[in-house]
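Here is a short report on one protein chain. Look at the sequence and the structure first, then read on.

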Amino acid sequence: MDKCSYTFPKDFLWGGAVAANQIEGAWLEDGKLPNCTDVMVGIGSDGRTPGIRFNIQTGKYEMALKPDKKYLSHEAIDFYHRYKEDLQLIAGMGFKAFRTSISWARIFPHGDDETPNEAGLKFYDDLFGEMIRLGMEPVITLSHYETPLYLMTEYGGWSNRKLIGFFEKYARTVMERYSGKVNYWMTFNEINNMRTMPFAAGGYMPETNDPNAEDFAANYKECEMYQAAHHLFVASSLAVKACHELCPNAICGAMITTSPVAVYPYSCNPDDVFGALQAQRKTFFFTDVMCRGKYPAYIRRIWEGTDYEPVMEENDLQIIQDYPVDYLAVSYYRSSTYKHDYASENSSGGLTSGGIGTVNPYLRGTTPEPWCWPIDPKGLRYVLNVLTDRYQLPLFIVENGVGLDEQEINGRMIEDPERVKYLEEHLAQVAEAIHDGCHILGYLWWGPIDVVSAGTGEMRKRYGFIYVERFNDGSGDMHRSMKQSYARYKEIISNNGF
Ligand code: BGP
């Protein structure tokens, strides 16, 4: 392949991705109740502490938003009311696909309701209809960190087996309703982030009897993580089954962040090399089960001598084996290094950022402060190849992008050459991966329109080709305008390459 020219397959799905909780707003409108992320992502105080409190009288958690926090996601960018104009602008780039999630709590506000909320169902009927009218294939996540809060406070979240049934009912309801409209489903956004984001990504609760316990992170138990993961695996398989029964032309995938797959041994010291493999297995654990349909052998050693092994019912392993996913959806933002004598931590760049190791001296830079995510386009080619070799499944890049701190001055178009460079460099690596033999269904840019950050709850961290005037303090008239990168992405899509 000529290094300067990249052409993509004929049916390549070009587009972008968002999530209901980061874009819609209207958090309590038309019957919707809160989901876990609605109380999680707020600016101010400790980003890890959800807005809930333990009520010693009832012995349960309840919603208690933090007065010193601003929850921008409650209004977000008001997509719920403005989606027609927004989709028009987005489609203007020539998108072939647009990914969003269904907010589970719009359909089943508590999660365990007898009947679905028709207002919620109708909203997505109209939304998907509009996407299709504009030539964009809806790519739909069933839960993008969006377990209904009631299921967590009342049932304890995904470590309770009952959630499998509630989720299956929800999946069947929406798959039946949107059969024929939605051909690409995925189950749980970045399921492997449940280790670092137990509340939002894992949808399970910290253990406590102490009403004043603020240090949630310390109250999560590893055994609960494995139990919740097992229930999510069974639920994922049942969603695949439902998809095959109810939507004959559709496929249903798993979704992971591949940033923790792009873990490089810091040196050829065997301890670094094996340690990097062990770090990758923290993600492979999820994909091995969902793509291969069985628990991997290495997990037995991790469970040995602990209380981590989840309780499984007789049929569970059969269900997992019978209904592995049809494809694997991935996000990719960054890589990291593993050095055996260096303690990896979560970066200050937000909960979604994954672990950081020792700085990689071969990478040219990072995203701006305070996020500082290393920029590593080749890491994308690396993870696509690793996952192809491991699973031989179609892959769908459903998130890749760069968050920048930018502002319109006197109404002038924002010039964002860094975003254009990031886009082109990553696309070049996607093209290389396709040439390497990876089957890539498409490429969806994360946040084609500015959204609220999942990791930090900010508006300031902007990913969009379209700017939205809303600021961290909640001010701004929400007008939309196109950035320079809008024209470049449009050009790339219309040429099916660059
Ligand atoms: C992924 C999430 C998205 C998104 C993105 C960027 O982890 O699936 O929801 O927000 O990361 O992360 P952030 O918003 O923290 O910059």
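How many positive and how many negative side chains does the chain have, and how far apart do the centres of the two sets lie? The chain has 48 positive and 66 negative side chains, and the two centres are 2 Å apart. Lys and Arg count as positive, Asp and Glu as negative; His and the chain ends are not counted. Each charge is placed at NZ of Lys, CZ of Arg, CG of Asp or CD of Glu.

The model is predicted: local features need pLDDT of at least 70, side-chain atom pairs count only at pLDDT 80 or more, and totals for chains, interfaces and linings use all residues. Residues are numbered from 1 along each chain as its sequence is written, and side-chain values use heavy atoms, with hydrogens and water left out.

## Overall form

The chain holds 15 helices and 16 strands. These are DSSP runs, numbered from the N terminus: helices are H or I with at least four residues, strands are E with at least two. The radius of gyration is 21 Å, close to the 23 Å that the globule rule gives for 498 residues, so the chain is as compact as a globular protein of that length. That radius is taken over C-alpha atoms, and the rule is 2.2 Å times the number of residues to the power 0.38. Along its principal axes, the C-alpha trace spans about 60 × 55 × 45 Å.

Of the 498 residues, 60% count as buried. Buried means under 20% relative accessible area, exposed means over 50%, and partly exposed is in between (1.4 Å probe, protein chains only). The accessible surface comes to about 19100 Å², and carbon and sulfur atoms hold 50% of it. Areas come from the Shrake-Rupley method with a 1.4 Å probe; for residues, only the protein chains shown count as cover.

Residues 24 or more positions apart account for 76% of them. A contact means heavy atoms within 4.5 Å.

## Aromatic pairs

The whole structure has 40 aromatic pairs. Rings of Phe, Tyr and Trp (its six-membered ring) pair if their centres lie within 6.5 Å; planes under 30 degrees apart are stacked, over 60 edge-to-face, and the rest tilted. Two edge-to-face pairs are set out here.

| Pair | Centre to centre | Angle between planes |
|---|---|---|
| Phe95 and Tyr489 | 5.7 Å | 80° |
| Tyr226 and Trp303 | 5.8 Å | 85° |

Phe95 sits in the loop between α2 (79-91) and β4 (97-101), and Tyr489 in helix α15 (residues 484-495), so their pair ties together parts that are 394 residues apart in sequence. Phe95 is buried at 2% relative accessible area. Tyr489 is buried too, at 0%.

Tyr226 belongs to helix α9 (residues 222-246) and Trp303 to helix α11 (residues 298-303), so this pair ties together parts 77 residues apart in sequence. Tyr226 is buried at 2%. Trp303 is buried at 3%.

Phe95 and Tyr489 also belong to one aromatic cluster, with Phe8, Phe12, Trp14, Tyr422, Trp445 and Phe465.

Pro448 lies in the loop between β14 (440-446) and β15. It is buried, at 0% relative accessibility. Its C-alpha atom is 8.3 Å from that of Gly15, 433 residues away along the chain. Beyond neighbours within four places in sequence, Pro448 touches residues including Phe95, Phe98, Gly464 and Phe465.

## Backbone exceptions

Most residues other than glycine have a negative phi, and most peptide bonds are trans. Which peptide bond is cis? The bond from Glu369 to Pro370 is cis, with omega near 5°. Pro370 lies in the loop between β12 (355-356) and α13 (377-391).

Tyr145 has a positive phi, near 60°. It lies in the loop between β5 (137-143) and α5 (149-155), and it is buried at 4% relative accessible area.

Met478 also has a positive phi, near 65°. Its place is in the loop between β15 (466-468) and β16 (480-482). Met478 is buried at 11%. Leaving aside neighbours within four places in sequence, its contacts include Glu75, Ile77, Arg82 and Val468. The C-alpha atoms of Met478 and Ala91 are separated by 19 Å, and the two residues are 387 apart along the chain.
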